[in-house]
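This report describes the fold of one protein chain.

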Amino acid sequence: MNTAINSVASIAQQPAPSEAVAKFLERAPRLLIGGEWVEPGKGQLQVTDPATGREISVIANADQADVDRAVAAARRAFEQGPWPEMSPAAREASLWRLSDLVERHADELAELESIDNGKTRFMAGLIDVPATRDYLRYMAGWATKVEGSTFETSIPRPPGRRYHTYSTREPVGVVAQIVPWNFPLLMAVWKIAPALAVGCTCILKPAEQTSLTSLRLGELIAEAGFPPGVVNILTGTGAATGAALVAHPGVDKIAFTGSTAVGKAINRSATETVKRVSLELGGKSPVVVLPDADLETVIGGAAQAIFFNAGQVCTAGSRLYVHRKIFDRVVEGVSAAAQSMRLGPGLHVDTQMGPLVSRQQQERVLAYIASGRNEGAAVMTGGEAPSHPGYFVKPTVLANVRPDMRVVREEIFGPVVVAQRFDDLDDLAALANDSPYGLSASIWSNDLSAVQRLVPKLRAGTVWVNCHNMVDPNMPFGGFKQSGFGREHGRSAIEQYSEIKSVCMCV
């Protein structure tokens, strides 16, 4: 199938789900609390296939009473029973068992992720599910490597006695983890794996738009043998379920990935109970192309930076800065790449880009494109939704933009890139940093001297060189400025789920 995406006929119908997934979609709305699947107190939410706009399932909408039950279950599991008595090696083994189950059910998980989120099953099977498995295995190894320190002190001591002083790193306690809809399964594991490795108990709140793989993960967690209450899963809205978790006095820490606006609200609410908070928030990441860069590499890389996962990536390369000498060729190349992409439903084998996650998100992205047009931006390609069911938006390239435009300053979270020229390398860092966000950036050049001068000037938590959107479990991930605080991955993740206790013994 080599037809272009610009006609209705080019968008295929969503294939029927597999038998296993169809059966899962028929399950009654339930919550995982205290090791049991329980009915919610009241309310449920529709699950919609973004490729068709049709309802495919229902999930529970947890209320305050459900939150209270989950927090109580997590507290009991943290303070009593087998979990606090388990050795680090036993926690490691539990995470490995879970990773094996993720691998065993990889096809089913990829299909569920595709139907729920809209991304292609191919991409979910290639990236999301293997990365979930590998992250569990990486974090499992940290369970046996949490350590403290010993100190020499100058405290006056009684005759014949001395002080033995040391620190321990202990789990922070009950953590509520609120994850976004763009990588539902992977983000869930980014949260729970380090928390479990260090010995916390968890209440996971997936996004209301994409809860299916978290619910399936809950079944695998039970199968892996985690004690009751160690992981609880509450589906529901952010305004009700999420807000109740943030405000609950029985929760010791909030870990949130999502929009900056919601992150600010969470941070304000958490101050009432002085909860520990880590926030991985929005981005408006610059892709900086120096004049010596290889054009073929840049064009493919810049297209991948923005159109991967339909642009629904916090690190999406949504601001493209290209040296004037090669600007036209790069923009033409990225536009051609956008025009060649095949839109379609996630389960169809020929689809290269699926729909956006919801009608609300589709309307948001189209409104941003309209604002760019109204403010004078030139639409090089895309800029509209095809006349087809589902929440599709054509990959879009905007040029002739100004730094004050909304499409340049605000996070769109869709397949829209704004391209701008630059002339002076000395002014480039100021252009790239002219944003309230600071999550990531990429530089494209073979001039290592120029790259090394530019990297320390970029106010971003991650800077890629000649690549974009590359993450690793061992590489700290998080943002500067309004892109949040705290770091995922590696030792940093272990530290944000633990507290340091100092011990001073006079012996």
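The model is predicted. Its protein chain contains 16 helices and 22 strands. The C-alpha trace spans about 80 × 60 × 40 Å along its principal axes. A compact globule of 507 residues would have a radius of gyration near 23 Å, and the 24 Å of the protein chain agrees with this. Of the contacts in the protein chain with a separation of 6 or more, 73% are between residues 24 or more positions apart.

Buried residues account for 56% of the 507 residues.

In soluble globular proteins, nonpolar side chains tend to be buried together.

| Nonpolar core | Size | Residues, among them |
|---|---|---|
| Largest core | 112 residues | Leu196, Leu217, Phe226, Val289, Phe307, Leu320 and Val407 |
| Second, separate core | 26 residues | Ala60, Leu234, Leu279 and Leu281 |

The residues named for the largest core are those with the most contacts inside it. Helix 6, residues 184-198, gives the most to this core, with twelve residues.

Which residues does Phe307 contact, leaving aside its neighbours within four places in sequence? They are Val334, Ala338, Met341, Met353, Pro395, Thr396, Val397 and Pro415.

Notes
Residues are numbered from 1 along each chain as its sequence is written. This is a predicted model: local features need pLDDT of at least 70, side-chain atom pairs count only at pLDDT 80 or more; totals for chains, interfaces and linings use all residues. Side-chain values use heavy atoms; hydrogens and water are left out. Helices (H or I, at least four residues) and strands (E, at least two) are DSSP runs, numbered from the N terminus. The radius of gyration is taken over C-alpha atoms; the globule rule is 2.2 Å times the number of residues to the power 0.38. Buried means under 20% relative accessible area, exposed over 50%, partly exposed in between (1.4 Å probe, protein chains only). Contact means heavy atoms within 4.5 Å. A nonpolar core is a set of buried Ala, Val, Leu, Ile, Met, Phe, Trp, Tyr and Cys residues joined through side-chain atoms within 4.5 Å.
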